[in-house]
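Take a moment with the sequence and the model before reading on. The text below walks through them step by step.

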Amino acid sequence: MNVVEAYIQSAPDIAKPHLKAMRNLVFELLPAIDEAIKWQMPTPLYKGSLIHYAAHKQHLGIYPRPKAIEHFKDRLTEFTCSKGAIQIPYSSKFPKTLIKDILLFRIKEQDTAQ
């Protein structure tokens, strides 16, 4: 078991479906990606930190960097957001298409930053 699998295993049961959905989506897009725990959060590593995500009491926190949040602000209206974070409540369905688009945006950002 790697560190991210251990993180998910130790998370509250309410958080596990969203954490697993997030991790599975990352591996769907980038099957050979490495991952680590950075800032105490699961972090896929693609030319640096791609995105961070974390279990909180009532929501999954996703931290895709401010440019991604600004770019997708019109599609994030149903979620609580700040400059650097998106809160996906556990009571809502995991927004796979939206998060996939955010991940693709971040992959493109990482590709052009190198």
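Start inside the protein, at Ile102. Leaving aside residues up to four places away in sequence, Ile102 touches Ile51, Pro64, Ala68, Phe72, Leu76 and Ile86. The model shown here is a predicted one. Ile102 belongs to the largest nonpolar core, which has 34 residues. Within that core, Ile102 is one of the residues that touch the most other members, together with Met22, Leu60 and Ile62. At least two residues each come from H1, H2, S3, strand S4 (59-63), helix H3 (66-71), strand S6 (86-89) and helix H4 (96-113). Which of them gives the largest share? That is H4, with six residues.

Now step back to the whole chain. The protein has four helices and six strands. From the N terminus, the order of elements is α-α-β-β-β-β-α-β-β-α. The radius of gyration is 13 Å, close to the 13 Å that the globule rule gives for 114 residues, so the protein is as compact as a globular protein of that length. Along the principal axes, the C-alpha trace spans about 35 × 30 × 25 Å. Of the 114 residues, 46% are buried. The accessible surface is about 6500 Å². Carbon and sulfur atoms account for 53% of that surface. How far along the chain do contacts reach? Take the contacts between residues at least 6 apart in sequence: 52% of them join residues at least 24 apart.

An α-helix has 3.6 residues a turn, so residues three or four places apart point the same way. What does the buried side meet?

H2 is the next stop. Ala21 is found in this helix. Is Ala21 buried, exposed or partly exposed? Its relative accessibility is 21%, so Ala21 counts as partly exposed; the cut-off for buried is under 20%. Ala21 also shows how the chain folds back on itself in sequence terms: Ala21 and Lys96 are 75 residues apart along the chain, yet their C-alpha atoms are separated by 7.9 Å.

Move on to strand S2, where Thr43 sits. Thr43 is buried, with a relative accessible area of 1%. Its side chain makes a polar contact of 2.7 Å with the side chain of His52. His52 is also among the residues that Thr43 touches, once residues up to four places away in sequence are set aside.

Most residues other than glycine have a negative phi. Gln40 has a phi near 65°, a positive value in a residue other than glycine. Gln40 lies in the loop between S1 and S2. With 69% relative accessibility, Gln40 counts as exposed. Arg65 also has a positive phi, near 85°. Its loop runs between S4 and H3. Arg65 has 40% relative accessibility, so it counts as partly exposed.

Finish in H4, the helix that supplies six residues to the core. Glu109 has its place in this helix. Is Glu109 buried or exposed? Glu109 is buried, with a relative accessible area of 18%. Its side chain is joined to that of Arg106 by a polar contact of 2.6 Å.

How values were computed
Residues are numbered from 1 along each chain as its sequence is written. This is a predicted model: local features need pLDDT of at least 70, side-chain atom pairs count only at pLDDT 80 or more; totals for chains, interfaces and linings use all residues. Side-chain values use heavy atoms; hydrogens and water are left out. A nonpolar core is a set of buried Ala, Val, Leu, Ile, Met, Phe, Trp, Tyr and Cys residues joined through side-chain atoms within 4.5 Å. Buried means under 20% relative accessible area, exposed over 50%, partly exposed in between (1.4 Å probe, protein chains only). Contact means heavy atoms within 4.5 Å. The radius of gyration is taken over C-alpha atoms; the globule rule is 2.2 Å times the number of residues to the power 0.38. Accessible areas come from the Shrake-Rupley method with a 1.4 Å probe; for residues, only the protein chains shown count as cover. A polar contact is a pair of N or O atoms within 3.5 Å; within protein, one must be able to donate a hydrogen and the other to accept it, and residues adjacent in sequence count only if both atoms are side-chain atoms.
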